[in-house]
Amino acid sequence: MNDIQNFESRLDLSGISQKVEELKSEVNKVIVGNEQAIDLILVAILADGHVLIEGVPGVAKTLMVKLMAKLISADFSRIQFTPDLMPSDILGTQVFNMKTSEFEYHKGPIYSNLILIDEINRAPAKTQASLFEVMEERQITNSGTTYELGKPFIVFATQNPIEQEGTYKLPEAQLDRFLFKIVLPYPSLDHEVEVIQRHHHNHSLAKLVDFKSVLTYQEIETFRNLAQQVYVDEKIIRYIASIVNQTRMDAMLYLGASPRASINILNSAKAFAILQGRDFVSPEDVKYLTPHVLRHRIILTAESEMEGHNPDSVCKRILDMVEVPK
């Protein structure tokens, strides 16, 4: 790893740095604080991964996603999950055409680029299962015909961790399809004061009427290609694998992470590196991103939960146990 310290930049990252600064400048006009969440959303977009956002009502989960969709030149669709929502309400359905005497496929709202699923844990298991194929394979099979979705295709889902009445636990298979689980906390006192002041002076900010796109799909594709060229040392790859492997042996965990988690850590670390203006992945990148990749994939034992542990504390413990490459 010593040669990486003197590693000369092979990639021209000036374009992405300029676009990221421009995008963050626009975001900061509306969103106060939550810089980490914005960074993670940008990483997910470049890593082509879905995002689960958890937070109590009123911490700007939906507003954050709507703003990001506004700043990206791509189609946006919002789906409100409810207990009576059916798979056909999302994916589309076959409708009989009286003129042609044939069935026609009417596409659902999932056919878009950026999808906001509000309160994803409000829908029952049958509706949740309808997202498995579309989230993993970016395609939908209906009546024996497979339909490819356009690019980009990223699902942003929100859920409330407190109110559990009328909610359904997300299946582990669906949770595993999310690149990150971002937890939005309450704002600090100073941040909340700023939010109130901004709302007082400019109520229309929250309506997002004056914002124009900053990123095009072509630029996103260019930046994704740059991320794929980021240098990753063999020791970093073994470091990632060792972290994930440790989750499968940890006594505090009932269920560890799958190889998909390892790949997601790698891809997100490469995207995070170019956002930092680097063309190589560092151990710090891996340590920073690992909790966001693992917290929704690992399941604690009942004993661990009774002792007051949570996924984040276990992730920290595992990161402290695994030797960092030098």
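How many cavities of 30 Å³ or more does the count come to by this rule? The count comes to one. A cavity here is a set of points, on a 1 Å grid over the protein atoms alone, where a 1.4 Å probe fits but cannot get out.

1. Basis. This is a predicted model, in which local features need pLDDT of at least 70 and side-chain atom pairs count only at pLDDT 80 or more, while totals for chains, interfaces and linings use all residues. Residues are numbered from 1 along each chain as its sequence is written, and side-chain values use heavy atoms, with hydrogens and water left out.

2. The cavity. The largest cavity holds about 80 Å³ of space; a volume is the space filled by probe spheres set on the points, with grid points joined across faces, edges and corners. Its lining consists of Ile16, Lys19, Val20, Leu23, Leu42, Ile45, Leu46, Leu215, Phe223 and Leu275, where lining residues have an atom within 4 Å of a point. Helix 2 (14-27) and helix 3 (35-47) are the elements that give two or more residues to this lining. Helix 2 supplies the largest share, four residues. Helices (H or I, at least four residues) and strands (E, at least two) are DSSP runs, numbered from the N terminus. By class, the lining of the largest cavity has nine nonpolar residues, no polar ones and one charged. Ala, Val, Leu, Ile, Met, Phe, Trp, Tyr, Cys and Pro count as nonpolar, Asp, Glu, Lys and Arg as charged, and the others, Gly among them, as polar.

3. Packing of helix 2. Helix 2 and helix 3 pack at an angle of about 135°, and their axes are 12 Å apart. Axes are lines fitted to C-alpha atoms, for helices over the stretch in contact, and angles run from 0 to 180 degrees between N-to-C directions. Helix 2 and helix 3 are therefore oblique to each other; angles under 35 degrees count as roughly parallel, over 145 as roughly antiparallel, 65 to 115 as roughly perpendicular and the rest as oblique. Their crossing is right-handed, that is, the near helix is turned clockwise from the far one by less than a right angle. Helix 2 also meets helix 4 (residues 61-71), with axes that come within 11 Å and cross at roughly 135°. Helix 2 and helix 4 are therefore oblique as well, and helix 2 passes helix 4 in a right-handed crossing.

4. The largest pocket. A pocket is an open set with protein on both sides within 12 Å along at least five of seven lines. About 650 Å³ of space lies in the largest one. Of the 24 residues that line the largest pocket, Glu54, Leu175, Lys181, Arg295 and Pro311 are the closest to its centre. Two or more lining residues come from each of helix 8 (172-175), strand 10 (178-183), strand 13 (299-300) and helix 15 (311-321). The lining of the largest pocket divides into nine nonpolar, eight polar and seven charged residues.

5. Helices 13 and 15. The axes of helix 13 (residues 283-294) and helix 15 come within 10 Å and cross at roughly 140°. Helix 13 and helix 15 are therefore oblique to each other, in a right-handed crossing.

6. Five strands form an open sheet in the order 3-6-9-1-10, with parallel pairing; two strands pair if DSSP finds at least two bridges between them. Strand 3 (76-80) and strand 10 stand at the edges with a single partner strand each, so one side of each is left without a neighbour in the sheet. Neighbouring strands of this sheet are turned by 15° against each other on average, direction ignored. Strand 6 (residues 114-118) and strand 9 (residues 154-159) pair in the parallel sense over four bridges, and Leu114 stands opposite Ile154 in strand 9.

7. The hairpin. Strand 7 (residues 139-142) and strand 8 (residues 145-148) pair in the antiparallel sense over four bridges. Asn142 stands opposite Thr145 in strand 8. Two residues lie between the strands of this hairpin, and Ser143 in the turn has a positive phi of about 55°.

8. Backbone points to check. Most residues other than glycine have a negative phi, and most peptide bonds are trans. Ala60, in the loop between strand 1 (50-54) and helix 4, has a positive phi near 75°. The peptide bond from Lys151 to Pro152 is cis, with omega near -5°. Pro152 lies in the loop between strand 8 and strand 9.
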